[in-house]
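Please find below my notes on the model you sent. They are set out as numbered points and go from the whole chain to single residues.

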Amino acid sequence: MNIFRYEFRKRLISTLIWVVSLGVYVYFTFAFFESFSGTGMLDLLDSFPDALKKAFGLDQDLTTILGYFAFVGIYLFLAGAIFSSHLGFNAVSVEERDLTADFLIAKPVTRNRIVTAKILAGLGHIVIFTSAMGVVSFLGMESFKGGQEYSMTTFLLIIAGLFIFQVLFFSFSFLLSVALKRMDSPLPFSLGLSIGLFILYSFDSLLRDTPLKYLVPYDYFDLGYIIENGAFKASGLVLSLGIIAASLIAGYALYNRRNIATAM
C-alpha cells in the first residue's frame, strides 16, 4: 500500500476547490487596483486608524502594483494559514477520529513511515496551493498593472514566503494534533489558530517593541518589509525554520509514544 499516494489523493478534490475559489477571488481583486490608487480613495484610507489599516492590509502603498499585491497578499496569507493548519490538524487525527487507525497500524510499516507519508502528502498540497496562487497573482498583476513595472525578484520572494509560512502552520498544527488527546473536528482549531494570530498581527503598533511580536508568524513575512528591502526579515526566517524543525521532530516523537484509539 502506498500511503503517500492514498493520502495525497484523499484530499486532492478539497485542495482543488480551495485553489479554484481563492484563485478567482485573487485574480479579480486586482481589477480594483486602479480604483484603490485614486486620490479620493487614498484620502479616505488616511483617515482610518493604524490598527484597522494593518488588519485589512491597507497600510501599504496602494499606488504601486506591488503595494497593492501586499494588500491582496495579507488575505492570501490568512487563507494559506487556514488551509495549511487544517491539513496539519487533520494529518494524523482523522484515523483516530473515525476509529480507522487500526487499518494503518496493522500494516507492516513503522509509525515513522506513516507519519512521513502523511507529512509529504500535506507538503504536496501546500506546493499545489502556493504554485497556483503564484500563477494567479502573476496573471492578475500583469492584466491590471496599467503599464507599471515591478520587481519579479520581490514578487517571487513573497510567494516563497507564502510557502514557508504555510509549512510553519502545517508543522505546528501537526504537533498540536499529536499532543491533544482527542480532536472531534480540526476546523475550529485551524480557524482559531490562524485568525487568532492574525488579530494579534493587526495590533502591530502595540506588539512591535515587545517579545510578543515573536509569537505572531504573520510578522515573520511582513509584506511591506519584503517590498521595501527585497529580502525576508532574518529573525522571521530563522524563527520559522526553527519552529518547523522543532514541531516535526517533537511530532514524530509524540506520535511514536501515542496510545492510538482504534475500533478494536
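**Notes on the predicted model**

1. The chain contains 15 helices and zero strands. Helices (H or I, at least four residues) and strands (E, at least two) are taken as DSSP runs and numbered from the N terminus. The model is predicted, so local features need pLDDT of at least 70 and side-chain atom pairs count only at pLDDT 80 or more, while totals for chains, interfaces and linings use all residues. Residues are numbered from 1 along each chain as its sequence is written, and side-chain values use heavy atoms, with hydrogens and water left out.

2. Of the 264 residues in the chain, 47% count as buried. Buried means under 20% relative accessible area, exposed means over 50%, and partly exposed is in between (1.4 Å probe, protein chains only). The accessible surface of the chain is about 12,800 Å², and 67% of that belongs to carbon and sulfur atoms. Accessible areas come from the Shrake-Rupley method with a 1.4 Å probe; for residues, only the protein chains shown count as cover.

3. Among contacts in the chain with a separation of 6 or more, 79% are between residues 24 or more positions apart. Contact here means heavy atoms within 4.5 Å.

4. A search of the whole structure finds four salt bridges. A salt bridge is a side-chain nitrogen of Lys or Arg within 4 Å of a carboxyl oxygen of Asp or Glu. Side chains of opposite charge can pair when their charged atoms come close.

5. Glu-7, in helix H1 (residues 3-10), takes part in two of the pairs described here. One partner is Lys-10, with the closest N and O atoms 3.4 Å apart. Both residues of this pair lie in H1, three residues apart, about one turn of the helix. Glu-7 counts as buried because its relative accessibility is 5%, whereas Lys-10 is partly exposed at 32%.

6. What is the distance between the closest N and O atoms in the salt bridge of Glu-7 with Lys-118? They are 2.9 Å apart. Glu-7 lies in helix H1 and Lys-118 in helix H9, so the pair ties together parts that are 111 residues apart in sequence. Both Glu-7 and Lys-118 are buried.

7. Lys-145 forms a salt bridge with Glu-142, with 3.4 Å between the closest N and O atoms. Lys-145 counts as buried because its relative accessibility is 16%; Glu-142 is partly exposed at 34%. Elsewhere, salt bridges that share partners join Glu-7, Lys-10 and Lys-118 into one network.

8. The length of H9 can be checked. Its 34 residues should span 50 Å at 1.5 Å a residue, and its end C-alpha atoms are 49 Å apart, which agrees. The expected span is 1.5 Å times one less than the number of residues. Just after H9, Gly-146 has a positive phi of about 65 degrees.

9. Val-135, Phe-138, Leu-139, Met-152 and Leu-156 make a nonpolar surface patch of about 420 Å². Helix H9 (111-144) and helix H10 (152-179) are the elements that give two or more residues to the patch, and H9 has the largest share, with three residues. Patches are made of residues with over 30% relative accessible area and no salt bridge, like charges being joined within 9 Å and nonpolar side chains (Val, Leu, Ile, Met, Phe, Trp, Tyr) within 5 Å. Leu-139, in H9, is partly exposed at 43% relative accessibility.

10. Is Ser-190 buried or exposed? At 0% relative accessibility, Ser-190 counts as buried. Ser-190 sits in helix H11 (residues 186-202), and its side chain reaches the backbone oxygen of Leu-187 at 2.9 Å. Apart from neighbours within four places in sequence, Ser-190 is in contact with Ile-82, Ser-85, His-86 and Phe-89.

11. Ser-235 belongs to helix H15 (residues 234-257) and is partly exposed, with 41% relative accessibility. Ser-235 and Tyr-220 are 15 residues apart in sequence, and their C-alpha atoms are 7.3 Å apart in space.

Conventions: Polar contact = N/O pair within 3.5 Å; in protein donor to acceptor, adjacent residues only side chain to side chain.
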